[in-house]
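The sequence and structure come first, and the notes follow by topic.

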Amino acid sequence: MSDKILNIEPMVFPWRTQDPFLFCAHHRDLYPKGNEQFGPVTSLSGRNMGSDFTIKDGFRMYHGMTVPGFPSHPHRGFETVTIAKEGMVDHSDSLGAAGRFGEGDVQWMTAGKGVQHSEMFPLLNQDKENTLEIFQIWLNLPAKSKMVEPYFSMLWHEKIPVVEQSTDGAKSKVSVIAGAFGEQQALRPAPDSWAADDAHEVAIWTIKLEPGAKVSIPAAKSTEANRTLYFYQGTGLKVEGQEISDYHLMDVDSTAELSLVGGGTDCYVLVLQGKPLNEPVVQHGPFVMNTHEQIHQTMQEYGRTQFGGWPWPKSEQVHDPKRGRFALHADGREESPS
């Protein structure tokens, strides 16, 4: 094994992460046609409704009872980065913000001192299948930023930088969601994020390699940065000349340039990198703080305030099916990709 590869192991759901990341899950669901309630037309019998994480007929309902997804739930003390590769995600939160994103868009949400939100996957197509593919990544906040004001931003896929290369006609594509890939700098992250300081070298990249395509991942400048590669789809990927089994992760030396070569089929890789916070992590479900006392205080406060309550008519809030991608911010500002 190359000395640039520190560890290789099979991936289990959710994927193991390194500081400053707390959590990473990849969801790919082959939803059927949708009904008038934006749920699947097929029967939901035999499912553990309300906590359906077992793939049946190609999909899961997660915590949704009618619409697949994650109905209103609280967060405090960290950030969520949601990459929507296929399908649509409807966001709603306790501050009155809302949005619909997909097709490669990314939502970056700082929970900070506390927010409720829902992430539903409306099956908008009634005449064809509704495939969904998303990554949900939790990025920790440092102690000094645990109680900042909540914030969310949309990184529309039309604006996300992409680095493309060609090797004898075989193409590779790197979407630069956070950090810098060589000279290509990502869009700015949330202002209170650990990623907002370039010295922390937080990077989130998704990579696609056609068979025989090559990508050279640049070295990080910091000797402290952790870097993990997740080979989640494809066959025959080679890293530093070593063939990697599909659905395996690799912890690698971030200070070394790394060579990737596509195998017999298209290969897909997610890269997470960042300088660790090196702070205590005490987690209780959707709350991530530094001490048990802070968790206790958080639970008391949520019970008392519900982090502002829920201003939407449904916990499984779904937006107008005729709307395209959009973002409505808590201050009333509205935006769309155009």
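**Salt bridges and strands**

Glu334 is partly exposed, at 46% relative accessibility (buried means under 20% relative accessible area, exposed over 50%, partly exposed in between, with a 1.4 Å probe and protein chains only). This is a predicted model, in which local features need pLDDT of at least 70 and side-chain atom pairs count only at pLDDT 80 or more, while totals for chains, interfaces and linings use all residues. Residues are numbered from 1 along each chain as its sequence is written, and side-chain values use heavy atoms, with hydrogens and water left out.

**Salt bridges**

- A salt bridge is a side-chain nitrogen of Lys or Arg within 4 Å of a carboxyl oxygen of Asp or Glu; by this rule the count comes to 19.
- Glu334 forms one with Arg323, and the closest N and O atoms are 2.5 Å apart.
- Glu334 lies in strand S26 and Arg323 in the loop between H1 and S25, so the pair ties together parts that are 11 residues apart in sequence. Helices (H or I, at least four residues) and strands (E, at least two) are DSSP runs, numbered from the N terminus.
- Arg323 is partly exposed, with a relative accessible area of 33%.
- Arg325 forms a salt bridge with Glu158, again with a closest N and O separation of 2.5 Å.
- That pair links distant parts of the chain, 167 residues apart: Arg325 is in the loop between helix H1 (292-305) and strand S25 (326-328), and Glu158 is in the loop between strand S10 (151-155) and strand S11 (162-167).
- Arg325 counts as buried at 15% relative accessibility, whereas Glu158 is partly exposed at 45%.
- Glu9 forms a salt bridge with Arg16, their closest N and O atoms being 3.2 Å apart. Glu9 is partly exposed at 23% relative accessible area, and Arg16 is partly exposed at 30%.

**The six-stranded sheet**

- Six strands form an open sheet with antiparallel pairing, in the order S3-S8-S5-S6-S25-S26. Two strands pair if DSSP finds at least two bridges between them.
- Strands S3 (69-75) and S26 (334-335) stand at the edges, each with a single partner strand, so one side of each is left without a neighbour in the sheet.
- S5 (residues 88-93) and S6 (residues 98-102) pair in the antiparallel sense over five bridges, with Val89 standing opposite Phe101 in S6.

**Strand S17 and its partners**

- Six of the eight residues of strand S17 (residues 226-233) are buried, so S17 is largely enclosed by the rest of the structure.
- Seven bridges pair S17 with strand S22 (residues 267-274) in the antiparallel sense; Asn226 stands opposite Gly274 in S22.
- S17 also runs antiparallel to strand S20 (residues 248-252), joined by five bridges. Thr228 has Asp251 in S20 as its bridge partner.

**Cysteines**

- The structure holds zero disulfides (a disulfide is a pair of cysteine sulfur atoms within 2.5 Å).
- The sulfur of Cys24 is 18 Å from the closest cysteine sulfur, in Cys267, which is too far for a bond.
- Cys24 is buried, with a relative accessible area of 0%, and Cys267 is buried at 0% relative accessibility.
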